[in-house]
Amino acid sequence: MTALPLILTVFVACAVEAIEALTIVLAAGLTREWRSTFQGMAVALAVLAAIVAALGPTITLLPLTALRLAVGALLAVFGLQWLRKAILRATGYKSLHDEASAYLREVTAAKAAGISSRGRVHDWYAFTLAFKGVLLEGLEVVFIVITFGANQRNVGAAVIGAAAAVVVVAVTGVLVRAPLAKVPENAMKFAVGIMLTSFGIFWGAEGAGVAWPGQDAALLVLVPVVALVALCYTLLPRPRRGRSPAEPATEKVVSS
Amino acid sequence: MRRLKSIGAFWYDFVVGDDWRVAVVVVAALALTTVLVHAAGVNAWWLLPVCVFAALGWSLRRATRS
């Protein structure tokens, strides 16, 4: 398999997470102060880079079969989580992710919080808001980079895809100076869920000892089939009027 | 102890999410595939996709009912 599908998948997955992190960073920087926000962001990025540097080379030392079995299982479970939420959003059982309203929530909370300084950090609230936002969204990026990169024995290509996504989103955010609410984030999450689930199935089954018909070319069939099944599930009956999609009966509100 | 619990809860929510049954189905399907391939000599490439699609449908049905 060439590195291009790997880079593209990681790029789209990381762009979604970077957009969410950007919303939090903008809320902290524009309503509080930029210096503490950048400090929080820099520390979070350093932690994430350290995790990739430590886990990336270590995980590639594992035997490929065991690695594919474990990573395939993790990716399939993780991808199904994304796909499930995306389908629930598409069918109206869960509220759509909206960067504009997420930004407003963060801004309101940031304006209400008092200012306290610790050590070299002037505004502790801005620091922790940026740190937590970048770290939590970044952990999903790290997970995808390490699992995809290790399985393809090409962590470098995965890092390139992730770094490119972060740069593109950051530059766009600097130019626009507003949350990227017009990006079709929900559709991107749907696509990422399809890719994560497909690769999880493919690698997991390979790790279990399966020989896929057509070998790597099986992915060219598997991805459209997963997409088709997911699209069929979006044809589920819609919730009746009067029920708020933001408060589905069995759903917790989480970020991805 | 409380910190360990919260770290565990974070990683559980991070990987497994809202429906643990999906994770159980995936792991069981992989275990069954391994047994079929290595013990029975069946190249069961179809088993995991079928189980994944069924688990997704089951989970969505549970989430959208009531």
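Leaving aside neighbours within four places in sequence, Ala208(A) is in contact with Leu69(A), Leu30(B), Thr33(B), Thr34(B) and Val37(B), where contact means that the C-beta atoms, placed from the backbone, lie within 7 Å. The model is predicted, so local features need pLDDT of at least 70 and side-chain atom pairs count only at pLDDT 80 or more, while totals for chains, interfaces and linings use all residues. Residues are numbered from 1 along each chain as its sequence is written, and chains are lettered from A and ligands numbered from 1 in the order in which they are written.

Ala208(A) sits in the loop between H7 and H8 of chain A; helices here are DSSP runs of H or I with at least four residues, numbered from the N terminus. With 26 other C-beta atoms within 10 Å, Ala208(A) is buried, a term that asks for 20 or more such atoms. Val134(A), 74 residues away in sequence, lies 35 Å from Ala208(A), C-alpha to C-alpha.

Turning to the contact between the chains, 32 residues come from chain A and 31 residues from chain B. On the chain B side, helix H1 (2-15), helix H2 (20-38) and helix H3 (47-64) each give two or more residues. H3(B) gives the most, with 12 residues.

The 18 residues of H3(B) should span 26 Å at 1.5 Å a residue, and the end C-alpha atoms are 26 Å apart, which agrees; the expected span is 1.5 Å times one less than the number of residues. Among the buried residues of H3(B) are Leu48(B), Cys51(B), Val52(B) and Leu56(B). Their cover includes helix H3 (64-90), helix H7 (185-207) and helix H8 (218-233) of chain A, together with H2 of chain B.

Notes
Contact = placed C-beta atoms within 7 Å. Buried ≥ 20, exposed ≤ 12 C-beta atoms within 10 Å, placed from the backbone.
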